[in-house]
Amino acid sequence: MSIQPKEVAKAALASAKKSGATEAEAFIVSNRELNVGIRDGRAESVKQSDARGLGLRVIVDGKAALVYTSDFRPEAVATLAERAVALARHSESDPANRLADPAPAPAKLETFDPAVAALTPDKVIAMGVAAEKVARGVDPRIKSTQFGGAGASHGETWVINSRGLETSYPRSVVSVFIGVLADDADGKKRNGNDGSAQRFLADLRPPEAIGREAGQARRAHGRREEGRHPEAAGADASRHRRQLDPEHVQRVLGRAGVQEGVVPHREARPDRGLAADHAGRRPAAPRALGGVPYDDEGVPTRKVTLLEKGVVKGFVYNLRWAQKAGAASTGHATRGYTSVPFIGPHSVYIENGATPVEEMIRGIDHGFYLTDTGAFGYDPATGGWSYQASGLMIEKGALGAPVTDVSLASDTLAMLKGVQKVGNDLVFDGPINAPHLLIDEMALSGT
């Protein structure tokens, strides 16, 4: 007979209370995962795993401790609870140690697709092979695959505590990704890549489209024989207008993250709103990857607007940091079963703008269109970041010569402050999403 997560959680809570816990919380995750690596038209690797784990958090007179296990046998769970209480008694008391109360259910999100759970290894392999085949056929200079593959996973998350809270939801993820390498005239390797990740198989971009985009990205910026530094292209390297495509806006936002109670300063001025989550009331994309009905403390999630028209509109909290700030949790606790909850985003996006990308380009007399990045540096204390970058010069409203081996640098606040226009091409394809952005005067220099 299979062991039910709810039964394991309740047994853990009962053992913790019996051992002397004032309060207790059981966090259980299960996951079945299939990942394939693709190279040269065949599966290079196939990995399939089943994992589950219990994280038990106890509070004894304001003192907290966390223990965890993947052993769900009753005797193992009971021993774990005893150890948790013993550890808590030796920790420091903190009034911010608290658990969630039961709350009304949030708006329904679609987090699980039976079609993803039903994917076989052969089907997942075929998806990855299809993406690679198209990518390798785009340009004769593409000689090899840098990385490629596909994956599918599904599982369930449970949070049950001694205050009467019981939450659970199923989840699924399917993905295809490909990166290819080309030999340029001077013998250097140039790359192009693309990928898609979704909750539902029907929402995944076709593998052939992913492969085509990866190959075309390499063709667009990888022509080393034509590539120049910005100075050689007649550019003032320090005062270019920059156009960032969605992938690279997403990377910056992902690195900046949503820290513990921290959002950009009130002087940041994006044209549109920056939202930390579209779970909860009136979700913008109920199937969006990352969106969940409850956070990892069992608090219902909701949409939080961080920035709107240059004004800081909100902060995100988990229970601990909400208590410290005298606020309420916004449902942004995230964790694994081996860790205590910390603050993290679920589904971050910049709202869609009104400007077509082609119109953005036509309005730029002298600029740079970022198409690819390499090494990345980010300083969380200052928000400063820098990319090894490649792209295309924009001259008199048209895409021009490729530019390679340059450095693009700014900081998150300056980037948001410098937003001039927001594209109308927002697509939800991953946990962080954005349209094209036109940025004023980011630093661009040769290496």
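I count a residue as buried under 20% relative accessible area, as exposed over 50%, and as partly exposed in between, with a 1.4 Å probe and protein chains only. The model is predicted, and I took local features at pLDDT of at least 70 and side-chain atom pairs only at pLDDT 80 or more, while totals for chains, interfaces and linings use all residues. Residues are numbered from 1 along each chain as its sequence is written, and side-chain values use heavy atoms, with hydrogens and water left out. Helices (H or I, at least four residues) and strands (E, at least two) are DSSP runs numbered from the N terminus.

**Entry: the open sheet**

I looked up the strand order of a sheet. This open sheet has 6 strands in the order β3-β2-β1-β4-β5-β6, with antiparallel pairing. I treat two strands as paired if DSSP finds at least two bridges between them. β3 and β6 (189–198) are the edge strands, and each has a single partner, so one side of each has no neighbour in the sheet. From one strand to the next, the twist averages 20°. Angles here run from 0 to 180 degrees between N-to-C directions, and axes are lines fitted to C-alpha atoms, for helices over the stretch in contact.

I then followed β5 to its two neighbours. Strand β4 (residues 142–161) is joined to antiparallel β5 (residues 166–183) by 17 bridges. I noted two of the residue pairs: T145 bridges to V180 in β5, and I160 bridges to E166. The hairpin of β4 and β5 has 4 residues between the strands, and G164 there has a positive phi near 100°. To β6, β5 is joined by 10 bridges, again antiparallel. Here G179 has N193 of β6 as its bridge partner.

Helix α1 (residues 5–18) lies across β1 (23–39), β2, β4 and β5, at about 140° to β1. Helix α2 (residues 74–89) also packs on the sheet, where it touches β2 and β3, and its direction makes about 150° with that of β3.

α2 has 16 residues and spans 23 Å from its first C-alpha to its last, close to the expected 22 Å. The expected span is 1.5 Å times one less than the number of residues. Its buried residues are A76, V77, L80, A81, A84, V85 and A88. Their cover includes α1, β2 and β3.

V124, I125, M127, G128, A130, A131, E132 and A135 are its buried residues.

**Entry: nonpolar cores**

A nonpolar core is a set of buried Ala, Val, Leu, Ile, Met, Phe, Trp, Tyr and Cys residues joined through side-chain atoms within 4.5 Å. The largest has 25 residues, and F368, W385, V406, L408, L437 and I439 touch the most other members. Among the elements that give it two or more residues are β14 (366–378), β15, β16 and β19 (437–446). A second, separate core has 24 residues, including L13, A65, V77 and A88.

**Entry: positive phi in loops**

Most residues other than glycine have a negative phi. D61 is not a glycine, yet its phi is positive, at about 50°. D61 sits in the loop between β2 (42–60) and β3 (63–69), and at 62% relative accessibility D61 is exposed. K396 also has a positive phi, near 50°. K396 belongs to the loop between β15 (384–395) and β16 (398–411) and is exposed, with a relative accessible area of 72%.

**Entry: two buried residues**

Is S196 buried or exposed? S196 lies in strand β6, and at 4% relative accessibility S196 is buried. Its side chain reaches the backbone nitrogen of R205 at 3.4 Å. I count a polar contact as a pair of N or O atoms within 3.5 Å; within protein, one must be able to donate a hydrogen and the other to accept it, and residues adjacent in sequence count only if both atoms are side-chain atoms. Leaving out residues up to four places away in sequence, S196 touches V174, S175, V176, L204, R205, I210 and D429.

P341 lies in the loop between β11 (333–334) and β12 (342–343), and P341 is buried at 10% relative accessible area. The C-alpha atoms of P341 and D296 are 7.0 Å apart, although 45 residues separate the two along the chain. Residues touched by P341, beyond four places in sequence, include R57, E297 and N318.

Conventions
Contact = heavy atoms within 4.5 Å.
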